[in-house]
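User: I would like to learn how to read some features of a protein model. Please take them one at a time, with the general idea before the case.

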Amino acid sequence: MRLDAAAIRRGCPSCEIKTFRHLCGAELEHFRSAAKAGGALTVACTQQAAQFTDEAAERPDGIGFVNLRETAGWSRDGANAGAKMAALLAAAAVPAPDYPLVTLTSDGIVLIYGRDETAIEAGRMLADHLDVTVMLNQPTDITPPAATVFPIVKGTIRSARGHFGAFELTIDDYAKPRPSSRDRFVFESPRNGTTSRCNLVLDLSGGMPLFPAHDLRDGYLRADPREPAAVLRAVLSARDLVGSFDKPKYVDFTPGLCAHSRSKLTGCHRCLDLCPTGAITPAGDHVAINADVCAGCGQCAAACPTGAASYALPPADTQLQTLRAMLLAYHAAGGTHPMLLLHDSPHGTPLIDALARHGDGLPANALPFGVNELTQVGLEAVVGAFAYGASAVRFLLRAKPRHEVTGLSQTIAMADAILTGLGFDGCRVATIETDDPDALGAQLGAIETLAAVQTPATFRTVGKRCDLLRFALSELHRLAPMPVDVVALPQGAPLGTISVNTDGCTLCLSCVSVCPTGALRDDPERPVLKFVEDACVQCGLCQSTCPEKVITLRPQIDFRAARASAVAIKEEEPALCVRCGTPFGVKSTIDRVAAKLEGQHWMYPAEDKRLEILRMCADCRAIVMTEQQFDPFAGVPERAPPRTADDYSRHRDNKN
């Protein structure tokens with residue numbers, strides 16, 4: 001393949017670039033010399049990564065690797081891929097921070113759930129490696145083995161919960177076989193509601209999966225019993241699952257920022273709606289994320305409006321910094337019309353490799369950007385990519401995703417609304433859903449050439465995703481072809497304003513007390529309701545809490561909101577204490593209450609001086625009631641004596 005070293009140097013001006021023809025063979029000494037020097041070292045080929053790693057085993061800084069061959073050089077457009085190579089090298093130079101780990105432990109206790117001899121045969125293959133129990137779901141004429149090597153029981157799994165190392169199953173129709181079983185199993189009397197605990201579940205029942213998004217549940221292995229190859233793969237996978245295993249703690253959660261609930265009223269529930277594994281559950285005013293169950297799809301973090309849930313592999317600000325490095329290097333190297341191709345490693349990387357080896361390869365302007373999960377990509381990354389000069393963004397999905405991608409669809413819909421509203425024409429953000437490398441190449445080649453911003457932004461930010469989003473939006477608005485002040489967004493967007501029917505609002509300020517971000521505010525000196533749009537995350541707590549039901553959400557982006565001060569939605573004259581003059585409430589509310597009670601309630605006869613107490617502050621009210629020896633029970637109308645149990649008994653006896 002051709003290497004355009006000049007373009008690479010333009011895109012990576014602070015790096016020393018050296019090119020070779022056979023670095024892993026005849027020119028290996030050049031690598032050894034570079035490995036002895038200090039500073040960061042990147043090898044732009046992955047084929048002999050193991051060899052280079054061994055050669056530099058003593059190097060304290062380690063080595064970075066970038067695959068320029070399959071992603072850039074091996075292409076019909078390879079001669080023009082110099083800018084792309086510079087972009088890939090620049091992106092690889094951004095350091096990724098460490099992430100926390102979760103340790104799961106398995107003692108090798110496995111329950112094999114099946115329907116026929118396939119489950120028993122799987123038990124035989126695993127008996128020397130794991131603690132096996134086979135449970136048959138409504139077994140037919142199955143001949144018992146001559147010797148009991150592992151327990152074989154019958155039962156039907158009613159429900160399952162837990163995770164790798166700690167599964168808990170509720171079983172109905174559970175029964176052990178009688179020792180006298182001869183030509184077929186004869187079972188004891190069954191019982192329901194039995195609990196079974198195990199470290200692994202091997203599901204060969206051929207029925208519905210026991211868990212939602214079952215492919216993401218570590219320790220739950222499932223295969224169709226009619227496919228021997230699939231069963232063998234599942235057995236071999238289970239055999240090695242003994243011991244302690246580390247997995248990333250994908251999501252960092254800050255309960256104090258969560259806008260899920262206040263006073264038992266639900267506000268934001270975006271993460272609960274999107275989590276495919278059920279790892280997120282309500283926990284009072286906030287939610288809880290079970291790191292043992294979490295499979296790292298990242299939809300909760302991408303949708304969280306407050307930053308309470310943040311993705312760690314990598315954090316959102318690191319991801320945005322990597323996109324910045326890639327796109328700015330591409331433009332500096334002379335590239336035009338960059339198209340960002342977001343993909344994951346298990347599916348996207350092999351597809352791109354196959355396209356490079358057996359097809360036309362990626363176009364020269366298609367910049368592959370690998371992520372752990374496509375659904376972790378939030379709106380801030382898409383908006384930031386266009387601000388940094390991307391002309392289009394594509395998400396490379398499986399033809400049949402392993403879990404729901406509703407969160408990603410919502411992100412794309414919001415991005416499309418923003419870009420269209422700001423004058424970006426054409427199809428800017430979309431998915432490519434295929435398992436066929438030729439189809440991938442065809443769809444990439446069919447994308448129309450679209451203009452990017454004339455001068456890419458260069459901003460660099462750190463912090464929570466919500467802060468990154470606001471800054472990226474302001475930069476994109478500054479560079480947009482047709483900037484407007486307000487852009488309407490789809491329902492569920494994390495940005496927007498509220499509409500208040502001021503005629504029905506009583507200024508009770510319940511909405512202020514529950515607003516988690518301070519978007520709704522009051523004033524201790526006067527009855528007023530204020531709103532700061534830039535702080536609103538559309539959690540809906542104000543709408544749920546309002547007793548008059550006069551608040552509605554309106555998702556939108558007002559690009560002036562970041563510079564705007566608090567807006568008074570409703571303001572009224574304060575009620576002044578008739579005794580000391582202190583403001584203590586809303587005058588219209590006090591007048592309305594007094595009008596309803598005067599002459600209509602036994603405590604407040606018409607033109608009685610007691611009515612003045614309603615127009616006093618709490619302190620004066622207490623003083624006056626004490627001075628006048630006000631008895632709240634004086635004049636209480638006589639009522640019938642309370643009924644007792646004896647009264648009801650006599651009534652029943654008389655009726656009979």
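Analyst: This is a predicted model. We can begin with accessibility and salt bridges.

User: Which residue does glutamate 55 meet in a salt bridge?

Analyst: A salt bridge requires a side-chain nitrogen of Lys or Arg within 4 Å of a carboxyl oxygen of Asp or Glu. The side chain of glutamate 55 meets that of arginine 32, at 3.0 Å from N to O. Arginine 32 belongs to helix α2 (residues 28-36) and glutamate 55 to helix α3 (residues 49-55), so the pair ties together parts that are 23 residues apart in sequence. Arginine 32 is partly exposed, at a relative accessible area of 29%. Glu29 joins Arg32 and Glu55 in a network of salt bridges.

User: How many salt bridges does the count give?

Analyst: The count comes to 26 salt bridges. One of them is formed by arginine 465 and glutamate 380, whose closest N and O atoms are 3.2 Å apart. Arginine 465 lies in helix α15 (residues 465-479) and glutamate 380 in helix α12 (residues 379-387), so this bridge ties together parts that are 85 residues apart in sequence.

User: Are arginine 465 and glutamate 380 buried or exposed?

Analyst: Both arginine 465 and glutamate 380 are buried. Another salt bridge joins the side chains of arginine 615 and aspartate 591, with 2.7 Å from N to O. That pair links distant parts of the chain, 24 residues apart: arginine 615 is in the loop between α18 (587-597) and α19 (618-627), while aspartate 591 is in helix α18. Arginine 615 counts as partly exposed at 32% relative accessibility, and aspartate 591 is partly exposed with a relative accessible area of 26%.

User: Next, the nonpolar core. Which residues have the most contacts inside the largest one?

Analyst: In soluble globular proteins, nonpolar side chains tend to be buried together. Here the largest nonpolar core has 71 residues, and those with the most contacts inside it are Leu340, Leu342, Phe395, Ile418, Val429 and Leu476. A second, separate core has 30 residues, including Ala175, Phe185, Leu221 and Ala223.

User: What is leucine 340 in contact with?

Analyst: Apart from neighbours within four places in sequence, leucine 340 is in contact with Leu323, Met326, Leu367, Phe369, Ala385, Ala392, Val393 and Arg394.

User: How many aromatic pairs does the count give?

Analyst: The count comes to 9 aromatic pairs. Planes under 30 degrees apart count as stacked. Tyrosine 250 and tyrosine 311 form a stacked pair, with 6.4 Å centre to centre and 20° between the planes. Tyrosine 250 lies in the loop between β11 (243-248) and β12 (251-253), and tyrosine 311 in strand β17 (residues 309-311), so the pair ties together parts that are 61 residues apart in sequence. Tyrosine 250 and tyrosine 311 are both buried. Ring pairs also link Phe167, Phe211 and Tyr220 into a cluster.

User: Now the backbone. Which residues does a cis peptide bond join?

Analyst: Leucine 313 and proline 314 are joined by a cis peptide bond, with omega of about -5°. Proline 314 is in the loop between β17 and α10 (316-332).

User: What is the phi of glutamine 138?

Analyst: Glutamine 138 has a positive phi of about 50°, although it is not a glycine. Its place is the loop between β5 (131-136) and β6, and glutamine 138 is exposed, with a relative accessible area of 59%. Leucine 509, also not a glycine, has a positive phi of about 65°. Leucine 509 is in the loop between β23 (496-500) and α16 (510-514) and counts as partly exposed at 24% relative accessibility.

User: Last, glycine 155: is it buried or exposed?

Analyst: Glycine 155 counts as buried, at 1% relative accessibility. It lies in strand β6 (residues 152-163). Beyond residues up to four places away in sequence, glycine 155 touches Tyr113, Met135, Leu136, Asn137, Ile171, Asp172, Asp173 and Tyr174.

Definitions and conventions. Residues numbered from 1 in each chain as written. Predicted model: local features only at pLDDT ≥ 70, side-chain atom pairs only at ≥ 80, totals over all residues. Heavy atoms only, no water. Core = buried A, V, L, I, M, F, W, Y, C linked by side-chain atoms within 4.5 Å. Buried < 20%, exposed > 50% of the residue type's maximum accessible area, 1.4 Å probe, protein only. Contact = heavy atoms within 4.5 Å. Phe/Tyr/Trp six-rings, centres within 6.5 Å; stacked < 30°, edge-to-face > 60°. Helix = DSSP H or I, 4+ residues; strand = E, 2+ residues; numbered from the N terminus.
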